[in-house]
Amino acid sequence: MASTTPTPNPSGPSGLDAPAPPAGWLRWLPGLAMLKTYQPAWLPRDLAAGLVLTTMLVPVGIAYAEASGVPGVYGLYATIIPLLAYALFGPSRILVLGPDSALAAPILAVVLSVSGGDPARAVATASLMAIVSGVFCIVLGLLRLGFITELLSKPIRYGYMNGIALTVLVSQLPKLFAIPIDDAGPLRELWQLVQRIAQGQTNWYSFGVGAASLAVILALKRFDRVPGILIAVILATLAVSVFQLDDRGVKVLGEIPQGLPVFAIPWLTGADVVKIVLGGCAVAMIAFADTSVLSRTYAARTHTKVDPNQEMVGLGAANLAAGFFQGFPISSSASRTPVAEAAGARSQLTGVVGALAVAALLLVAPNLLRYLPNSALAAVVIAAAIGLFEFKDLRRIYRIQQWEFWLSMLCFAAVAVFGAIPGICLAIVVAVVEFLWDGWRPHFAVLGRVPNLRGYHDLKRYPHAARVDGLVLFRWDAPLFFANAELFQQRLLEAVEASPTPVRRVVVAAEPVTSVDVTSADMLRELGQHLAQDGIALHFAEMKDPVRDKLKRFELTEVFSDHRFHPTVGSAVDDYMDSRGMRKPPE
C-alpha cells in the first residue's frame, strides 16, 4: 500500500533525498545535478531495477510500435533514446518514459493518413510527430504552464492513482490467463474475461507460470535486498525454456530485431504537414496531461519535489531525441514506472541501465529473452499495480471530510470507466469547480467586540458580542472576482438591513481579500454610490497594498479616497467613533 504519511520526510519511503534545486545552468540538467548527491548504496538497486525494467521495455516497446503503425523495432528505438535524454533533462528520479498505449491511436491515425502504406514514410511521419511533440512540450515548460499539476488535491490524486492501478491490473489479467480480450475499458474487459474463463478458454500452463511468478514476487517483496522481480522473471524464462511450455500454448516474447538506432533527420515530400503538426500537438497534450499528473503523484509518494515546468522540458527533450533517432512520440508510463519503483529504483540511473540493456540486447543478444513468457510479465505489472492502491488515507479522509472522499471516488470511477486521460481531464475540471465553489460561495461574517477577547469576532460565533451603534463591520473571506461580486454586494446590504441601529458607516475587513477584478471593482463603485445615497460611507480595513493598487488602477480613487482605508479594524472603529464623538470602549 502507498505511503500515507502526510508530513514530508527528507528521506522519503524509498530513501530518496530532497536536496535544494540546482542553480545556474544545472537547473536545466537535473539528472546531471543529481550525480552530486548520488549515494553509492543506491547503485545495486538501480542496476537490478534497470534489468527488471528491461524485461518490460522490450515487449511493450515492440507492441506499441506496431499499434502505432510502424515496425516493432522502432518501438525499441523510441525506448532507448528517450530514456537517455530524460535521464539528463527530467527532474523525476522515478518516472519511466517510452511508447504508450494512450498515444498509439492518434499516432496511428496520422501515420495511416500520411504514409499511404509505405513503411519508410510511416517511420518518417511518426518521427516528425515526435519532433513536433517535443517542441510543443518544451515551449509549454518554458512558458511555465506546468501549474496544471497544482490543480489536483491529494484526494483527487488518490482517485486517479487508484483508477490507474485498477486499469493496469485489469489490462494484465488476460495475459495471465492467455485469453485475448477486446480493448473496451477496464470494466467491460473484466466482464469479457470472466465470460471466457467460464467458457474454458484459459491456458492453465500460462496461468500457472504467471501465478507462480506473482507468488514469488509478493513473497520476496518483504526482503529489501532481494531482487524478487528479477528472480521471478529468470525462473519463469528458464521454466518455459526447459519444459518447452511455448509448445503448450504459453505465449513468449520471441525473437527481436537486431540493430541500433541512428541519427536521421526525418523528411517527407508531398506530406500533409498540417496533419503532422496537429497530430504532434495532440499527442503532446495527452503526454503533457499524463506525465504531469504521474510525476506529481510519485513526487508526493516519495516525498520529493519535482518542478512541473522542468518536467515538461524533460518530456519535450525525450520526444525531440526520439524524433531524431527514428522513434515516435512517447509519454510517461503508468505500468513501467511502478515496476521500476517496486524493483527498487533510486534514481534516473535505472532508466539509463534499462536503455543500455535494451541496446545491448539489440546489438549482441537479440534472442536472450526469446522464452520470456508474457504471463510472467503480466505478473510483474500486477504486483506493481497492487502497490499503487491507496486505501488507508482515504479512510481517514472519509472520516474527516466526506465530500472530498467522494470526489476521489468520482475521479477513480472516471479513470476506471473512461481511461486515464479522460479521468485526468475530469479530475482537473472537478478541481477547478471545487476551487471556484470555495471562492464563489465563501464564508463571510459581521463582526463585534467580545469582552476580554482582543479584536473583533464573528457575531454568529459570539452572539453576545457588542456592536458599535451605526457601524457594520463586514468580513469577506475570499478574493473578489466576477463569480462572487454580486453575492458580496447582496450579503453586505443584508448586513446593513439587519443592523439594530441606523447605519452610518460600513467597514469591510478586507485582509482575506487577496485580489479584485474588473467586475468586482465595478461592483464596489456601484455599491459605494448606492450606500452614499442612503448616507452610508463605505470604508476598508487591512486591505493589502497590491489589492489597493488594483483599485487605483481601476480608477476608483474618485469614489474611495485615502481616508477610507485603515491599517487595522481597530483603527477603523476608532476613526468612526472619533468622527461621531462617541466614547471608545475599554481595551
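Cys411 is buried, with a relative accessible area of 3%, where buried denotes under 20% relative accessible area, exposed over 50% and partly exposed the range in between, for a 1.4 Å probe and protein chains only. The structure is a predicted model, in which local features need pLDDT of at least 70 and side-chain atom pairs count only at pLDDT 80 or more, while totals for chains, interfaces and linings use all residues. Residues are numbered from 1 along each chain as its sequence is written, and side-chain values use heavy atoms, with hydrogens and water left out.

Cys137 is likewise buried, at 0% relative accessibility. With a disulfide taken as a pair of cysteine sulfur atoms within 2.5 Å, the count of disulfides is zero. Cys137 accordingly takes part in none, and the nearest cysteine sulfur, that of Cys281, is 9.3 Å away.

Nonpolar cores were defined as sets of buried Ala, Val, Leu, Ile, Met, Phe, Trp, Tyr and Cys residues joined through side-chain atoms within 4.5 Å. The largest of these comprises 98 residues, and those with the most contacts inside it are Val58, Val70 and Tyr160. Apart from this core lies another, of 36 residues, including Leu480, Ala510, Val559 and Phe560.

Ala485 belongs to helix 18 (residues 485-497) and has a relative accessibility of 3%. Its C-alpha is 5.0 Å from that of Ser520, although Ala485 and Ser520 are 35 residues apart in sequence. When neighbours within four places in sequence are set aside, Ala485 is in contact (heavy atoms within 4.5 Å) with Thr519, Ser520 and Met523. Glu341, in helix 12 (residues 336-342), counts as buried at 17% relative accessibility, and on the same exclusion of neighbours within four places it is in contact with Ile94, Tyr298, Arg301 and Thr302.

Helix 3 (73-89) and helix 13 (349-364) each supply at least two lining residues, with helix 3 giving the most, three residues.

How values were computed: Helix = DSSP H or I, 4+ residues; strand = E, 2+ residues; numbered from the N terminus.
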